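Dear colleague,

I am handing over a structure for you to look at. My notes follow it.

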Amino acid sequence: MAEIRRDLLKNNWVALAPESALNPRDFPIKRRGIDPVGNKLFCPFCEGNEASTPPEILAVREDDSAPGLPGWSIRVVPNKFAVFRLEGELEMHHTGIYQNLNGLGSQEVVIEDPRHGNDIHDFSSAKLAAVFRVWQQRYKELSGDERIKYIQIYKNRGIFAGASQEHSHSQIMGLPFMPRCNSGIVDYFRKNSQCLLCAIMAEERQTGTRVVYESDQFLLVCPYASRFSYETWMIPKRHTDHYGDINEEEIADLAAMCRSYLGMIIDVLQDPAYNLVINTAPVNSAYQPGYHWFLEIVPRLLVTTGVDIATGIYTNPVAPELAADLFRQQIPKYLQGCI
Ligand SMILES: [Zn+2]
Ligand SMILES: [Zn+2]
């Protein structure tokens with residue numbers, strides 16, 4: 001049975017997988033879809049293998065093909081190995097000094113393309129926009145369930161970024177509570193009566209050293225306290241709490257910017273693993289001012305070190321000013337024809 005255990009030391013939570021746990025021989029997770037003796041592994045996300053996933057929740061189909069069959073361009077399915085399940089109500093249990101919650105929540109996989117090896121950084125702007133629309137559609141749908149308090153949209157690309165499947169996909173998790181991430185947003189608003197992300201955009205425009213690019217709708221910056229080398233944020237200029245409220249103009253602009261940015265890091269950082277993470281406001285909770293959604297893109301060039309684990313203080317060998325300077329020089333050639 002899945003559960004979410006409280007980490008009493010870190011004052012945080014840990015989600016534990018149910019019976020579907022990996023065996024020791026399953027680590028490290030197989031790379032590049034090939035086993036140690038060179039055989040191609042079966043991929044449940046490829047077109048034609050629809051029966052290998054749970055029934056689809058949503059699919060973008062260009063023709064009138066039926067659910068569960070080929071003919072789709074984007075497909076959303078429940079995560080077969082989900083820790084969370086959207087069943088019953090949230091329950092807190094106590095065992096001795098410990099506390100745990102039942103695994104109430106949801107985990108969905110967005111299979112972004114039917115073709116194996118066609119990754120998100122290979123997509124056209126129009127295809128990226130279609131993925132962002134699917135994320136929005138699922139965000140809105142999940143926020144209609146009162147039991148879900150936070151919706152985490154994210155993508156792991158490559159083994160260093162935590163991807164267990166090579167086939168291009170992103171994930172959408174519905175959590176039964178607001179995680180402790182980004183608590184500074186609420187603190188900043190309480191002290192300054194101002195949105196932290198809007199303040200960051202004003203500060204970055206004035207300084208300029210960490211700004212990579214500014215489009216009609218977004219500001220692309222390497223954040224002041226970057227935890228990871230070449231970490232980048234895409235912040236919508238329009239103050240909006242929820243990713244679900246992104247509009248069509250912003251989707252088109254973000255897709256064009258992402259296409260350029262991802263194409264650039266694939267070249268400049270030599271095909272890195274990376275994570276895409278949407279930061280957004282909690283749902284089905286009392287309104288708290290100050291949230292402002294944004295997209296965080298983190299190339300994963302180094303693994304987490306002992307000091308990161310021990311202290312929570314990340315050590316980053318590339319200052320954001322240097323990262324931004326490199327990206328500022330490189331991005332113009334990737335922007336051509338995109339924006
Ligand atoms: Zn595949
Ligand atoms: Zn704002």
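Contacts and overall shape

Among contacts in the protein between residues at least 6 apart in sequence, 67% join residues at least 24 apart; two residues are in contact if their C-beta atoms, placed from the backbone, lie within 7 Å. This is a predicted model, where local features need pLDDT of at least 70 and side-chain atom pairs count only at pLDDT 80 or more, while totals for chains, interfaces and linings use all residues. Residues are numbered from 1 along each chain as its sequence is written, and chains are lettered from A and ligands numbered from 1 in the order in which they are written.

Buried residues make up 34% of the 339 residues. A residue is buried if 20 or more other C-beta atoms lie within 10 Å of its own, exposed if 12 or fewer, and partly exposed in between, with C-beta atoms placed from the backbone. Along the principal axes, the C-alpha atoms fill a box of roughly 50 × 50 × 40 Å.

Ser-143

Ser-143 sits in the loop between α1 (125-142) and β8 (150-157); helices (H or I, at least four residues) and strands (E, at least two) are DSSP runs, numbered from the N terminus. Ser-143 counts as buried because it has 20 C-beta neighbours inside 10 Å. Leaving out residues up to four places away in sequence, Ser-143 touches Ile-148, Ile-151, Gly-244, Val-283 and Asn-284.

Helix α6

Pro-320, Ala-323, Ala-324, Phe-327 and Tyr-334 of α6 are buried. Their cover includes β10 (211-214) and α4 (248-268).

Regards
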